[in-house]
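The sequence and the structure come first.

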Amino acid sequence: MRIVVTNCNTTQEMTEEIVRGARAAAGPGTTVTGLTPAWGPESAEGWLDSYLSAAAVLDTLRTYDEPYDAVVMAGFGEHGREGARELVDVPVVDITEAAAHLACLLGRRYGVVTTLERTCGQIEDSLEAAGVGRNCSAVVGTGLGVLDLGDVARTEEAFVAAAERARDAGAEVLVLGCAGMTGLQRAVGEKLGMPVVDGVGAAVKLAESLVTLGLTTSRVGSYAEPLPKRRTWGRPPGQGRPPGQGRPPGQGRPSGQDRPPGQGRPSGQGRPPSG
């Protein structure tokens, strides 16, 4: 079984950390490949970053040519999962949704501990859209940015403090609210005496289950294949940048168009349909 894990930002070190967690959760015979978008934010922390990240992740999946059996989207609370489900013909599992579903099997109410407070509303909206918001007692920020999570001791201390607030709000289970927190669950769970769900591990196990059961996204209604039409990805060739909006070094944008109708990728190989 081949699972592709998409990082929601352009930081390669975070992709590598996420992949380590995904491989630790994967069963024998499952291979995990991490994808890092070629463009987009270096860390996703807010609405602008999230929408930009969604487009970058979709473009990454659109242009990835190797076969795969499932996609894990490793951006907690980030946008794009619905678009990815339209785009590819294999199961797409979002770590936000996966973690919440598993948390609901472990306790009546769960709490999410995440990075900056500014992302809490976005995560709440994502949980509501997935149908698991009513079981969430609190989404609590640690005050740490995504790129601060490399300091393990500091992250663990901040997480425990935030988790205590979530527990006081009624949480019986905790969820790691950022893919970059992968690996914290054991140490934090022992300190707090509560189950802690890592979204990356949860998504990998659910993806494996869906593939094993021969299930994939329904094409009836909401996630029907995209309508065949011309779509331009990135800035059209020859169009200059607006004044004062120069592109940062190393963050070039791809250009080009969708494949013409009839040139979709083979069904069942984790590749986008035509259109």
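1. What do the buried residues of helix 7 pack against? The model is a predicted one, and in it these residues pack against helix 6 (152-168), strand 7 (173-176) and strand 8 (196-198). The buried residues in question are V188, G189 and L192 of helix 7, which spans residues 185-192. Seen down the axis of helix 7, its buried residues fall within an arc of 100°, so they line one face of the helix. R186, E190 and K191 are exposed and sit on the face turned away from that buried side. Just after helix 7 comes G193, with a positive phi of about 65°.

2. Strands of a sheet pair through backbone hydrogen bonds, either parallel or antiparallel. Here, strand 1 (residues 2-7) pairs with strand 2 in the parallel sense over 5 bridges. For T6, the bridge partner in strand 2 is L35.

3. How many of the 10 residues of helix 4 are buried? The count is 7, so helix 4 is largely enclosed by the rest of the structure. The buried residues are I95, T96, E97, A98, A99, A100 and A103. A103 has a relative accessible area of 0%. Leaving aside neighbours within four places in sequence, A103 is in contact with Y110, V173, V175 and V197.

4. Is E208 buried or exposed? E208, which is found in helix 8, is buried, with a relative accessible area of 8%; the cut-off for buried is under 20%. Not counting residues up to four places away in sequence, E208 touches M1, I3, A25, A26, G27 and T30.

5. 5 of its 5 residues are buried, so strand 5 is largely enclosed by the rest of the structure. In a regular strand the side chains alternate between the two faces of the sheet. In strand 5, Y110, V112 and T114 point one way, G111 and V113 point the other way, and all are buried.

6. Which strands are joined to strand 5 by bridges? Strand 6 (residues 136-141) runs parallel to strand 5 and is joined to it by 5 bridges. Strand 7 also runs parallel to strand 5, joined by 4 bridges. As for individual positions, the bridge partner of T114 in strand 6 is G141, and G111 stands opposite L174 in strand 7. Strand 5, helix 5 (residues 120-129) and strand 6 together make a right-handed β-α-β unit.

7. Last, the nonpolar cores. The largest has 58 residues, of which Y110, V112, L127, F159 and L174 touch the most other members. Helix 6 gives this core its largest share, 6 residues. Leaving aside neighbours within four places in sequence, L127 is in contact with T96, A100, Y110, V112, V132, G133, C136 and V139. A second, separate core has 15 residues, among them L35, V57, Y64 and V88.

Definitions and conventions:
Residues are numbered from 1 along each chain as its sequence is written. This is a predicted model: local features need pLDDT of at least 70, side-chain atom pairs count only at pLDDT 80 or more; totals for chains, interfaces and linings use all residues. Side-chain values use heavy atoms; hydrogens and water are left out. Two strands pair if DSSP finds at least two bridges between them. Helices (H or I, at least four residues) and strands (E, at least two) are DSSP runs, numbered from the N terminus. Buried means under 20% relative accessible area, exposed over 50%, partly exposed in between (1.4 Å probe, protein chains only). The arc is that of the directions from the helix axis to the C-beta atoms. Contact means heavy atoms within 4.5 Å. A nonpolar core is a set of buried Ala, Val, Leu, Ile, Met, Phe, Trp, Tyr and Cys residues joined through side-chain atoms within 4.5 Å. A crossover is right-handed if, with the strands pointing away from the viewer, the path from the first strand over the helix to the second runs clockwise.
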